[in-house]
Amino acid sequence: MSDIAENLRQVYQQIKQAAAAAERPEDSVRLLAVSKTKAAQAIREAHACGQRDFGENYLQEAIAKIEQLQDLDLCWHFIGSLQSNKTRQVAEHFAWLHTLERLKIAERLSQQRPAQLPPLQVCIQVNIDEQASKSGCGADEASGLAQKVARLPRLKLRGLMAIPAAGNGATAFAQLRDLKMQIAREHDLDLDTLSMGMSADMNQAIAAGASIVRVGSAIFGKRGN
Ligand SMILES: *Cc1c(COP(=O)(O)O)cnc(C)c1O
């Protein structure tokens with residue numbers, strides 16, 4: 001078995017055990033394989049093991065891989081920071097965006113989403129533990145933003161996403177879960193997605209209710225060396 005196949009097997013197993021420990025159904029947690037900086041061939045290997053959802057952070061790199069892998073049935077998620085002059089590429093090439101943090105970006109994406117594609121599935125990224133250097137809207141802004149995003153015709157608001165600092169996981173994941181419930185109630189929205197947890201903290205995230213875990217290095221190995 002290749003490293004990727006073996007790593008994926010272990011990650012699926014870890015998800016299964018964490019879900020069982022939290023008394024959640026195994027299929028309530030979706031694995032997003034984060035393939036940033038990795039070659040298209042690595043994605044092919046993961047696809048051969050049954051993996052379909054892939055996350056990318058850098059647009060140029062992502063679009064090159066999407067083109068190289070058109071023969072596969074893949075679901076592409078954009079999880080990097082998105083500037084307003086790059087929205088068209090996300091609208092045209094991705095099924096999901098996890099890192100929506102401003103209304104202006106949402107409006108552009110809705111206008112630019114091609115008519116023949118289903119609505120772009122989006123999560124609002126929240127800076128849940130108020131890190132100075134991190135992206136995401138403030139927890140106090142998320143509700144107002146969600147209400148407006150939910151009205152845009154070519155976007156489908158699915159839920160919230162966060163990247164808490166290492167060590168803040170347990171508290172931050174629970175806060176994001178509570179915020180999602182509060183927003184859903186306030187605006188009568190059907191929000192089914194909490195995108196939270198990475199290689200190092202996916203167990204904690206699953207315990208707190210994560211529905212998508214975004215896992216890179218545990219599948220594809222360390223990056224940048
Ligand atoms: C890189 C990245 C991940 C994956 O991180 P690992 O620690 O390699 O699992 C998850 N989410 C986002 C937003 C990322 O940028």
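Contact here means heavy atoms within 4.5 Å, a cut-off that the packing described in these legends relies on.

**View 1. The whole protein, a predicted model.** Welcome to the fold as a whole, which is built from nine helices and eight strands. The C-alpha trace spans about 50 × 40 × 30 Å along its principal axes. How does the radius of gyration compare with that of a compact globule? For 225 residues such a globule would have a value near 17 Å, and the protein has 17 Å, which agrees. Contacts between residues 24 or more positions apart make up 58% of those with a separation of 6 or more.

View 2. Of the 225 residues, 51% count as buried.

**View 3. Helix 5 and its neighbours.** Which residues of helix 5 are buried? In this helix, residues 103-112, they are Ile105, Ala106, Leu109, Ser110 and Gln112. These buried residues pack against two other helices, helix 4 (87-93) and helix 6 (139-149). They also pack against strand 4 (96-100), strand 5 (120-125) and strand 6 (155-161).

**View 4. Helix 2 and its buried face.** Helix 2 covers residues 40-48, and its buried residues are Ala40, Ala42, Ile43, Ala46 and His47. Looking down the helix axis, you will find these buried residues within an arc of 155°, so they line one face of the helix. After helix 2 comes glycine 50, with a positive phi near 105°.

View 5. Alanine 5 lies in helix 1. Is alanine 5 buried or exposed? Its relative accessible area is 14%, and buried means under 20%, so alanine 5 counts as buried. Histidine 47 is one of the buried residues of helix 2. Alanine 5 and histidine 47 are 42 residues apart along the chain, and their C-alpha atoms are separated by 9.5 Å.

**View 6. Alanine 64 in helix 3.** Here is an alanine that is partly exposed, with a relative accessible area of 34%.

**View 7. Two loop residues with positive phi.** Threonine 37 sits in the loop between strand 1 (30-34) and helix 2. Its phi is near 70°, a positive value in a residue other than glycine. Threonine 37 has a relative accessibility of 45% and counts as partly exposed. Now turn to glutamate 130, in the loop between strand 5 and helix 6. Phi of glutamate 130 is positive too, near 50°, and this residue is likewise not a glycine. With a relative accessible area of 68%, glutamate 130 is exposed.

Key. Residues numbered from 1 in each chain as written. Predicted model: local features only at pLDDT ≥ 70, side-chain atom pairs only at ≥ 80, totals over all residues. Heavy atoms only, no water. Helix = DSSP H or I, 4+ residues; strand = E, 2+ residues; numbered from the N terminus. Rg over C-alpha atoms; globule rule 2.2 N^0.38 Å. Buried < 20%, exposed > 50% of the residue type's maximum accessible area, 1.4 Å probe, protein only. Arc of directions from axis to C-beta.
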